[in-house]
Amino acid sequence: MRVAYLGPPGTFSEDALEVSRFPPAGFSPMITETIPAAVEAVASGQADRALVPVENSIEGSVRPTLDALVEAADSVRIAGEYDHEIRSALIGRPGLDPREISVVISHPQPLAQCALFLRTELPSAELRVASSTSAAAREVANSEEPWAALAPARAARLYGCEVIREGIEDEPGNVTRFLWLAPRAAEGSVEAEHRDREGSWKTSLAFAELGADHPGALVDALLEFSDRDINLVRIESRPMRRELGRYRFFIDVEGRTGEPPIDAAIEGLKSKAEWVRNLGSYPT
């Protein structure tokens with residue numbers, strides 16, 4: 001099984017992949033440079049599965065993942081989820097004096113998750129964005145400048161750096177929710193993987209272009225679920241990326257497709273929105 005995830009080695013995505021229950025023994029890792037590239041790898045058949053971050057308990061949703069899922073909804077589906085504890089570390093070249101740090105590099109999510117630490121402990125340091133935490137660690141390792149990176153502690157070992165401070169996230173219990181993605185064509189086989197799993201299920205949907213713009217249009221759409229006693233566990237809006245004031249909505253509801261109330265609610269939602277995309281049903 002070929003599994004795509006955000007690289008290079010040493011990212012939080014790689015950490016999550018190693019400890020999650022999803023990949024079978026002997027899987028083949030496929031590193032991508034961006035999150036959308038990992039989703040596209042499954043859509044194009046280059047990868048059999050992907051593990052991508054979608055939501056963080058401090059900073060909220062990972063927007064590239066949401067947008068990529070909508071674009072690839074016809075060929076990719078969510079098949080599982082995994083909550084991974086995130087512990088960020090400040091790392092630098094061996095011997096670096098923390099008082100001399102002039103630049104801190106990382107992915108936008110850790111920079112936001114550690115904002116309080118950066119403001120109070122490194123107020124004069126310039127913050128720079130990298131494509132991933134491990135790319136930041138690699139850039140720091142290759143520079144002669146007094147730079148540091150925010151990354152998993154294991155990235156320090158991989159790139160010849162050392163941990164200066166660990167556990168620097170603003171809030172304890174920092175958790176990122178990851179999604180396990182599979183090809184839409186493999187829906188039957190994925191269902192078979194989970195057939196014997198007990199517990200609750202979740203269905204993720206995206207929809208947009210509600211009918212005539214009027215007060216309560218979104219409420220009318222969501223009534224398709226509440227009227228059937230279906231619990232809504234998450235809702236978020238994202239710009240349509242066309243023009244100002246147009247949005248698409250992402251919701252997670254309890255239950256799975258194949259259950260009459262869920263199927264009926266989705267059909268009802270289709271009568272209220274121009275398009276509805278079922279991103280997948282999966283065990284929680």
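Residues are numbered from 1 along each chain as its sequence is written. Because the model is predicted, local features need pLDDT of at least 70 and side-chain atom pairs count only at pLDDT 80 or more, while totals for chains, interfaces and linings use all residues, and side-chain values use heavy atoms, with hydrogens and water left out.

Helices (H or I, at least four residues) and strands (E, at least two) are DSSP runs, numbered from the N terminus. An open sheet is formed by 4 strands in the order β13-β14-β12-β15, with antiparallel pairing, where two strands pair if DSSP finds at least two bridges between them. At its edges lie β13 (232–239) and β15 (273–283), each pairing on one side only. Neighbouring strands are turned against each other by 15° on average, direction ignored; axes are lines fitted to C-alpha atoms, for helices over the stretch in contact, and angles run from 0 to 180 degrees between N-to-C directions. Between β13 and β14 (residues 247–254) there are 7 bridges, and Leu-232 has Val-253 in β14 as its bridge partner. Helix α10 (residues 260–270) packs on the sheet and touches β12 (201–210), β14 and β15, contact meaning heavy atoms within 4.5 Å; the direction of α10 makes about 155° with that of β15.

Helix α1 (residues 12–19) is largely enclosed by the rest of the structure, because 6 of its 8 residues are buried, that is, under 20% relative accessible area, whereas exposed means over 50% and partly exposed lies in between (1.4 Å probe, protein chains only). The buried residues of α1 include Phe-12 and Leu-17. In the loop between β1 (2–6) and α1 is Pro-8, which a cis peptide bond with omega of about 0° joins to Gly-7.

Most residues other than glycine have a negative phi.

The lining of the second largest pocket divides into 5 nonpolar, 3 polar and 2 charged residues, and its largest share, 3 residues, comes from α4. Both α3 (63–71) and α4 (108–113) supply at least two residues of this lining. Ala, Val, Leu, Ile, Met, Phe, Trp, Tyr, Cys and Pro count as nonpolar, Asp, Glu, Lys and Arg as charged, and the others, Gly among them, as polar.
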